[in-house]
Amino acid sequence: MTGLVLWDVDHTLIDTRGVGRELSASAFLQTTGQRMRQQARIDGITEPVIFRETAKLHGLTTDRADFERFARDLAAAHLERAAELRERGHALPGAVAALNALADAGVRQTVVSGNIRAVAELKLQVFGLDAPVLWELGAYGEDHDVRADLVGLSLERAHTTAGAAVLIGDTPADIEGAHANGVRTIAVATGRSDETVLRDAGAQVVLPDLRDTELLVKLVRNGI
């Protein structure tokens with residue numbers, strides 16, 4: 001039986017409907033003094049890499065201290081505009097029921113996300129998704145640049161073997177990060193990657209969304 005579910009956040013559990021990019025732009029301006037004219041690719045990429053590559057697009061060279069300032073500014077921006085995030089964004093269909101059903105089934109749940117932890121926590125909190133999440137077992141953007149390293153770190157923090165974990169995400173990067181650690185995957189086609197892309201990336205199971213809670217719990221409990 002699977003003992004741990006590793007959840008991605010954006011486009012797996014929630015959709016910020018553009019608010020996330022606006023908050024990144026606000027934090028980028030606060031940190032660098034430059035307006036964010038364009039943003040580096042974000043799907044499946046960790047926050048420090050997005051910041052570094054976005055800075056390069058603006059002719060800037062950044063270091064870890066710059067990212068840490070950006071992370072603080074980003075967390076502050078999310079906190080300041082939490083009400084707007086709640087109003088404009090939304091939890092994806094089935095997300096609340098899926099988290100609660102897995103919790104009722106005795107499955108531990110955490111987050112493996114390119115978001116920094118403070119932002120991941122706030123995003124799930126504003127949509128009422130945070131209660132079942134064991135945050136201390138997760139891994140976040142400030143922990144590593146590479147998603148595969150985040151998966152490995154979460155397994156360490158949870159004292160869980162790869163065979164006892166399942167990752168649920170919406171991008172090929174989620175799947176690749178899981179497979180690099182021997183973790184099985186359930187992919188949901190609720191982001192920019194369709195079912196064919198996710199299947200070709202190697203997901204053990206691909207679902208259109210999280211609405212079929214009974215099936216999801218069965219897959220997780222049976223280790224897929």
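Begin by selecting Asp143: leaving aside residues up to four places away in sequence, Asp143 touches Leu150, Leu153 and Arg157. Keep in mind as you go that this is a predicted model. Asp143 sits in the loop between helix H6 (117-126) and helix H7. Is Asp143 buried, partly exposed or exposed? Its relative accessibility is 26%, so Asp143 counts as partly exposed, given that buried means under 20% and exposed means over 50%.

**Next stop: H7 and H8**

Now select residues 147-158, which form helix H7, together with residues 172-179, which form helix H8. Two numbers describe a pair of packed helices: the angle between the axes and the distance between them. For H7 and H8 the angle is about 50° and the axes lie 8 Å apart. That angle makes H7 oblique to H8, and the crossing is right-handed. To see who makes the contact, show the side chains of Arg147, Ala148 and Val151 on H7, then Ala173, Asp174, Gly177 and Ala178 on H8. Sorted by class, this contact of H7 with H8 holds four nonpolar residues, one polar residue and two charged residues.

**Under the helices: the sheet**

Hide the side chains and switch to a cartoon view. Five strands make up an open sheet with parallel pairing, in the order S4-S1-S5-S6-S7. Which strands are at the edges? They are S4 (108-111) and S7 (205-207), each of which pairs on one side only. On average, neighbouring strands of this sheet are turned by 20° against each other, direction ignored.

S6 (residues 184-188) pairs with S7 in the parallel sense over three bridges. Pick out Val188 here, and you will find Leu207 of S7 opposite.

H7 lies across S1 (4-7), S4 and S5 (165-169), and runs at about 145° to S1. H8, in turn, lies across S5 and S6, running at about 175° to S6.

**Over to H2 and its partners**

Select residues 47-57, which are helix H2. Colour the buried positions: Glu47, Pro48, Val49, Ile50, Phe51, Thr54 and Ala55. What do the buried residues of H2 pack against? Their partners are helix H1 (19-32) and helix H3 (64-80).

**Last stop: H1 on H3**

Finish with those two partners as a pair. The axes of H1 and H3 come within 8 Å and cross at roughly 135°, which means that H1 is oblique to H3. H1 passes H3 in a right-handed crossing. On the H1 side, display Leu23, Ser24, Ala27, Phe28, Gln30 and Thr31; on the H3 side, display Asp66, Arg69, Phe70, Asp73, Leu74, Ala77 and His78. Colour this contact of H1 with H3 by class and you get six nonpolar, four polar and three charged residues.

Definitions and conventions
Residues numbered from 1 in each chain as written. Predicted model: local features only at pLDDT ≥ 70, side-chain atom pairs only at ≥ 80, totals over all residues. Heavy atoms only, no water. Axes fitted to C-alpha atoms, helices over the stretch in contact; angles between N-to-C directions. Helix = DSSP H or I, 4+ residues; strand = E, 2+ residues; numbered from the N terminus. Parallel < 35°, antiparallel > 145°, perpendicular 65-115°, else oblique. Left-handed = near helix turned anticlockwise from the far one by under 90°. Contact = heavy atoms within 4.5 Å. Nonpolar A, V, L, I, M, F, W, Y, C, P; charged D, E, K, R; others polar. Buried < 20%, exposed > 50% of the residue type's maximum accessible area, 1.4 Å probe, protein only. Pairing = 2+ DSSP bridges.
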